[in-house]
Amino acid sequence: MLYFLLMKRKELINLSFRINRLILKNGKLSKISLLTDRIGLSLTKEVKKKNPLIIFYKAVENIMPFFLLKNKRIGKRIIISPSFILSIYYRQSLGIKWLIEAALNKKGCFYDNFILEILEAYNNKGSVKRRQKDLNTVVLDNKSNLKYRW
């Protein structure tokens with residue numbers, strides 16, 4: 001049991017580090033860590049008695065994509081072939097990128113939008129969850145093209 005808790009803690013710390021690296025495009029890491037600390041404080045106010053990293057972990061877990069779409073050209077036509085994402089690390093990175101993009105596309109402050117997106121993803125709602133559902137419908141429409149994966 002203790003080993004499981006330590007592994008969970010290691011995953012949460014790794015997730016926190018990846019959040020910092022994905023938000024940081026150009027600028028100081030200290031500003032990004034200050035921003036993530038403020039986000040963590042706001043999340044603890046919104047959802048009482050919960051660790052903000054656990055909230056964020058659950059939010060990312062709810063919106064992680066299972067599939068990736070690849071365009072393949074065969075002759076004159078372009079075929080959309082779905083493929084599975086086997087790496088959990090890559091799935092989490094895509095989920096975090098989707099959260100950041102959704103927060104940047106909304107009007108207003110990134111800080112407030114990011115908190116709203118995290119809370120919506122935590123509750124299985126919002127634009128990122130809708131994006132995941134749209135991706136799944138496209139995959140189901142093109143499941144006959146699985147033979148073109150390689």
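Helices (H or I, at least four residues) and strands (E, at least two) are DSSP runs, numbered from the N terminus. The structure is a predicted model, in which local features need pLDDT of at least 70 and side-chain atom pairs count only at pLDDT 80 or more, whereas totals for chains, interfaces and linings use all residues. Residues are numbered from 1 along each chain as its sequence is written, and side-chain values use heavy atoms, with hydrogens and water left out.

The protein chain contains six helices and two strands, arranged along the sequence in the pattern α-α-α-β-β-α-α-α. Of its 150 residues, 37% are buried; buried denotes a relative accessible area under 20%, exposed over 50%, and partly exposed the range in between, for a 1.4 Å probe and protein chains only.

Helix α3 comprises 12 residues (52–63) and reaches 17 Å from its first C-alpha to its last, close to the 16 Å expected at 1.5 Å a residue. The expected span of a helix is 1.5 Å times one less than its number of residues. Buried positions in α3 are Pro-52, Ile-55, Phe-56, Tyr-57, Ala-59, Val-60 and Ile-63. For α5, the 13 residues should span 18 Å at 1.5 Å a residue, in agreement with the 18 Å between its end C-alpha atoms. The buried residues of α5 include Phe-110, Tyr-111, Phe-114, Ile-115, Ile-118 and Leu-119, and among them are also Asn-113 and Glu-117.

The axes of α3 and α5 come within 8 Å and cross at roughly 65 degrees; axes are lines fitted to C-alpha atoms, for helices over the stretch in contact, and angles run from 0 to 180 degrees between N-to-C directions. The two helices α3 and α5 are therefore roughly perpendicular to each other, given that angles under 35 degrees count as roughly parallel, over 145 as roughly antiparallel, 65 to 115 as roughly perpendicular and the rest as oblique. The crossing of α3 past α5 is left-handed, a term that applies if the near helix is turned anticlockwise from the far one by less than a right angle, clockwise being right-handed. Helices α4 (residues 88–105) and α6 (residues 127–141) pack at an angle of about 125 degrees, with their axes 9 Å apart. This angle makes α4 oblique to α6, and their crossing is right-handed.

Rings of Phe, Tyr and Trp (its six-membered ring) pair if their centres lie within 6.5 Å; planes under 30 degrees apart count as stacked, over 60 as edge-to-face and the rest as tilted. By this rule there are three aromatic pairs. The ring centres of Phe-56 and Phe-114 lie 6.1 Å apart with planes at 45 degrees, so this pair is tilted. It links distant parts of the chain, with Phe-56 in α3 and Phe-114 in α5 (residues 110–122), 58 residues apart. Both Phe-56 and Phe-114 are buried. The pair formed by Phe-67 and Phe-84 is tilted because the centres are 5.1 Å apart and the planes stand at 45 degrees. Phe-67 lies in strand β1 (residues 67–74) and Phe-84 in strand β2 (residues 77–84), so this pair ties together parts that are 17 residues apart in sequence. Phe-84 is partly exposed, at a relative accessible area of 48%. Ring pairs also link Phe-56, Phe-110 and Phe-114 into a cluster.

Asn-124 is found in the loop between α5 and α6. Its phi is positive, about 60 degrees, although Asn-124 is not a glycine. With a relative accessible area of 39%, Asn-124 is partly exposed.
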